[in-house]
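The following exercises ask the reader to work through a protein model step by step. Each task is followed by a worked solution.

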Amino acid sequence: MVDSLANTEINSQRIAAVESCFGASGQPLALPGRVLLGEGVLTKECRKKAKPRIFFLFNDILVYGSVVLPKRKYRSQHVIPLEEVTLEPLPETPRAKNRWMIKTARKSFVVSAASATERQEWISHIEECVRRQLRATGLPPSTEHAAPWIPDKATDICMRCTQTRFSALTRRHHCRKCGFVVCAECSRERFLLPRLSPKPLRVCSLCYRELAACKRREEEEEEEPGVGSPGQQSYLSGAGAGASSGDEEDSDEDKEGSGDGDWPSRVEFYASGVSWSAFHS
């Protein structure tokens with residue numbers, strides 16, 4: 001399918017249409033040999049609630065963004081190299097169907113399709129593209145993945161101290177290491193997680209202790225007699241470190257989702273029963 005579509009006029013037109021919908025806010029997507037293999041609307045489980053997102057599967061990248069006007073205007077473009085992707089099918093429950101997790105070293109999140117058939121199509125096509133991309137690049141499959149964020153609505157209390165109850169005045173935070181929903185007191189520390197950000201990020205008290213202990217062991221093993229530990233401060237940072245890039249990320253999904261009023265709920269979004277995904281051949 002990839003070979004038959006590469007360097008064809010129809011493929012160029014499809015990619016140009018995607019670029020046009022994202023406009024100046026998106027990055028150029030047309031590259032020699034790049035093929036658009038499929039596209040569709042999936043529900044992405046965001047921090048506040050599940051929201052519709054437009055997804056485009058290319059032979060080497062997965063692109064998604066927010067829907068402003070269906071098939072006309074998208075924004076908040078995200079580009080994921082397929083060699084970094086691992087998929088994990090998730091079990092069915094009465095209230096959560098057709099779901100799977102997209103895992104990378106920088107971000108992991110859950111999506112769901114309109115039907116079991118579309119879910120299987122997406123999974124099989126993505127996995128095939130990942131296999132081809134790994135063969136082409138010679139890279140091994142990714143083994144390190146970021147923890148998915150637990151949605152805010154999953155808990156009313158801090159998942160670490162189990163004492164603090166969240167309210168309009170007591171806000172939720174997310175540990176960047178484990179993805180737990182925690183209170184401010186249980187996430188006062190910052191730690192440098194190079195795969196996620198060049199700045200120290202918010203972590204919960206438990207993850208901080210584990211990360212700090214691991215870092216100290218590494219430095220002790222590398223330390224020579226009479227030589228200090230110059231790298232420690234770059235990894236450890238106390239509560240006085242100020243706002244980190246992680247704090248800014250707290251509101252990413254909120255900013256990304258503002259204006260998504262076309263489909264206010266999943267029930268209304270998938271009510272028509274039509275196919276929401278298409279794969280090209």
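The structure shown is a predicted model.

**Exercise 1. A hairpin and its strand**

Step 1: E2 and E3 form a hairpin with 2 residues between them.

Step 2: A residue counts as buried when its relative accessible area is under 20%.

**Exercise 2. A strand covered on both faces**

Task: Determine which residues of E7 lie on each side of the strand, and identify the strands to which E7 is joined.

Solution. Step 1: In a regular strand, side chains alternate between the two faces of the sheet.

Step 1: In E7, Ser108, Val110 and Ser112 are on one side, while Phe109 and Val111 are on the other.

Step 2: E6 (residues 99-103) runs antiparallel to E7, and 5 bridges join the two. Trp100 has Val111 in E7 as its bridge partner. E6 and E7 form a hairpin with 4 residues between them.

Step 3: E1 (residues 36-45) is likewise antiparallel to E7, with 2 bridges between them. In E7, Ser112 stands opposite Thr43.

**Exercise 3. Aromatic rings**

Task: State how many aromatic pairs a search of the whole structure finds, and explain why the pair of Phe56 and Tyr74 is classed as it is.

Solution. Step 1: The search finds 8 aromatic pairs.

Step 1: The ring centres of Phe56 and Tyr74 are 5.8 Å apart and the planes stand at 55 degrees, so this pair is tilted.

Step 2: Phe56 lies in E2 (residues 50-58) and Tyr74 in E4 (residues 73-81), so the pair ties together parts that are 18 residues apart in sequence.

Step 3: Phe56 counts as buried at 1% relative accessibility, and Tyr74 is buried with a relative accessible area of 6%.

Step 4: Ring pairs also link Phe55, Tyr64, Phe109, Trp122 and Phe279 into a cluster. Over the face of Phe109 lies Lys44, at 5.1 Å from the ring centre.

**Exercise 4. The nonpolar cores**

Task: Name the residues of the largest nonpolar core that touch the most other members, and state which element gives the most to this core.

Solution. Step 1: The largest nonpolar core has 25 residues, of which Phe55, Trp100, Ile102 and Trp122 touch the most other members.

Step 1: The elements that give two or more residues to this core include E1, E2, E6 and helix H3 (116-137). H3 gives the most, with 6 residues.

Step 2: Leaving aside neighbours within four places in sequence, Ile102 is in contact with several residues, among them Phe55, Leu62, Phe109 and Val111.

Step 3: A second, separate core of 18 residues includes Phe166, Cys175, Cys178 and Cys207.

Notes. Residues numbered from 1 in each chain as written. Predicted model: local features only at pLDDT ≥ 70, side-chain atom pairs only at ≥ 80, totals over all residues. Heavy atoms only, no water. Buried < 20%, exposed > 50% of the residue type's maximum accessible area, 1.4 Å probe, protein only. Pairing = 2+ DSSP bridges. Phe/Tyr/Trp six-rings, centres within 6.5 Å; stacked < 30°, edge-to-face > 60°. Lys NZ or Arg CZ within 6 Å of the ring centre and 35° of its normal. Core = buried A, V, L, I, M, F, W, Y, C linked by side-chain atoms within 4.5 Å. Contact = heavy atoms within 4.5 Å.
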